[in-house]
Amino acid sequence: MNAQVPFTAAEMMTVAASRLLRNGDVCFVGIGLPSAAANLARLTHAPGVVLIYESGPIGAKPDVLPLSIGDGSLAETADTVVSTSEIFRYWLQGGRVTVGFLGAAQIDRFANINTTVIGDYAHPQVRLPGAGGAPEIAACAGKVILVLRQSARAFVERVDFITSVGHLDGGESRNRLGLPGQGPVAVVTDLCLMVPDAVTRELTVTHLHPGVGAENVRAATGWKLRFADAVKETPTPTDLELDTLRQLQRRTALAHGRAPEA
Amino acid sequence: MAELTSLRAAVESLVRDGDSVAMEGFTHLIPFAAGHEVIRQRRKNLVLVRMTPDLIYDQMIGAGCARKLIFSWGGNPGVGSLHRLRDAVEHGWPHPLELEEHGHGDLSNAYVAGASNLPFAVSRDYAGSDLPHHSDAIRFIECPFTGERLAAVPSVRPDVAVIHAQKADRKGNVLLWGILGVQKEAVLAARRAIVTVEEIVDELEAWPNACILPHWIVSAVCRVPGGAHPSYAHGYYERDNLFYQAWDAISRDRESFLAWVKRHILETDGFEEFKRVLQEGVAKEVR
């Protein structure tokens, strides 16, 4: 049953991203939007999903969304907590992670991720926080799902800096790198869902969120965006998805004294 | 051998100008009191190593303690930018800051290699990334057995590691739990180590597999209750998220930052007085 109450674009984005996680997935979770979507999946259709955070918790089941990647609630609700070096060596590089769930400051048509600089590296216009665990997640997770708000500033023809590799130059170029993971399989935004083309690896819109037109998406993209032959509409959030997300956000706002990103 | 001493004495004798210093703690147990003491004693030209520079290095960079930063994620967690770090990188204030940047997996590996007395660490990362193009500290090697191409990074071997933990016993054996980060690796990779703790107890009462640093690998143990504030100490106090948010405004411009450092660090004689000054500020705001 679909919700009759209106929902926001941010809620649609989080719900659409959450639907891509499955029971049985072992998900390496980035902070912010990915964490909201991963926990929504765990609280709705995928109670068996295992959430791993780079600070060391494995099987975290936080009641409120963490504000930082190393919140105590992650440790308290986890099956175990290991050191940061172990998380990356044994669990991620060891091949135990089926999905990496990441955000980004900037991505390009081949889903390469920039979280390092806008402009020139030596003389940046904007110095971004940097890599975090994303290069390793992009390399070693079985597959990668990206979630970020769509704008022409964030979706650029070619990123200024490849922090974490997606499909590099498209086609077979990622395969030739010999990385263990298959790279990005989906990009979820507040407007649409994109997947890499099977051959060219260029991001292609397959679903538009309700109320969003192709021209809205084009205007928020910095390259000539491709659309699938038959673009579908993303199913609207169900009552359960929306209620669960809103309760999660409410608990989080109470706990942290403010609301994190939807 | 661990000496139970004051934080002031530990920093005086163990942290020297020009040292490479790793003050670790992944969101949890960040040794803020020790960072303040390094600022208070006006150490200079430090090479700062930390996976997440966080507010502790934002303060030290803005106060002019650092010449180089080795790191893997430099934001204010849950808030946004580290403005002092950005000002140093974008405008060279208070002086230029050399950067060496990594990914978390890679930098945590570099600590493991350092603790293992190896010159470098290997991983399956970085093929396709631009990071190796802008760093001498990420190179590729061929596996001598399989011929696979792997990324190599130099090990981290700090002069001094500084961490905060929950407990030590009277001999100086240190116990920490919760999010562990790379503190154990940092201490084992370093020549000298300072540990600040919430409390000193007669018995640690730990499980056999608990994360314990034996007293004979630690140089100094200092009792500093609350010494991880505004980060948290699992079982003792929560993260002060409001302070992390407030830091955004304090650190955004140079004058307000310098005034904060002067009032809270340079004009206080230690962490107890810092806490008192901070409390007075909060009380004033509430009124």
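Biologist: Which domains is chain B divided into?

Modeller: Chain B is split into domain 1, made of 3–102 + 157–281, and domain 2, made of 120–154, where the bounds come from an automatic or database domain assignment. Taken over C-alpha atoms, the centres of domain 1 of chain B and domain 2 of chain B are separated by 30 Å.

Biologist: Before we go on, what should I know about the numbering and the model?

Modeller: Residues are numbered from 1 along each chain as its sequence is written, while chains are lettered from A and ligands numbered from 1 in the order in which they are written. This is a predicted model, in which local features need pLDDT of at least 70 and side-chain atom pairs count only at pLDDT 80 or more, whereas totals for chains, interfaces and linings use all residues.

Biologist: OK, in what order do the three strands of the open sheet in chain B come?

Modeller: The order is β8-β10-β9 (chain B), with antiparallel pairing; strands are DSSP runs of E with at least two residues, helices are runs of H or I with at least four, and both are numbered from the N terminus. Two strands pair if DSSP finds at least two bridges between them. At the edges are β8 (120–123) and β9 (139–142) of chain B, each of which pairs on one side only. From one strand to the next, the twist averages 40 degrees.

Biologist: How many bridges join β8(B) to β10 of chain B?

Modeller: There are four bridges between β8(B) and strand β10 (residues 149–154) of chain B, and B:Phe120 stands opposite B:Pro154 in β10(B).

Biologist: And which helix lies across β8 and β10 of chain B?

Modeller: That is helix α5 (residues 104–115) of chain B, which runs at about 140 degrees to β8(B). Axes here are lines fitted to C-alpha atoms, for helices over the stretch in contact, and angles run from 0 to 180 degrees between N-to-C directions. Two residues are in contact if their C-beta atoms, placed from the backbone, lie within 7 Å.

Biologist: Changing topic, how many residues does each chain put into the contact between A and B?

Modeller: Chain B gives 48 residues and chain A gives 44 residues. On the side of chain B that touches chain A, α5(B) gives the most, with seven residues.

Biologist: Which strands pair with it, then?

Modeller: Strand β1 (residues 26–29) of chain A runs parallel to β5(A) and is joined to it by three bridges, with A:Cys27 opposite A:Val99. Strand β10 (residues 143–147) of chain A also pairs with β5(A) in the parallel sense, over four bridges, and there A:Val144 is the bridge partner of A:Gly100.
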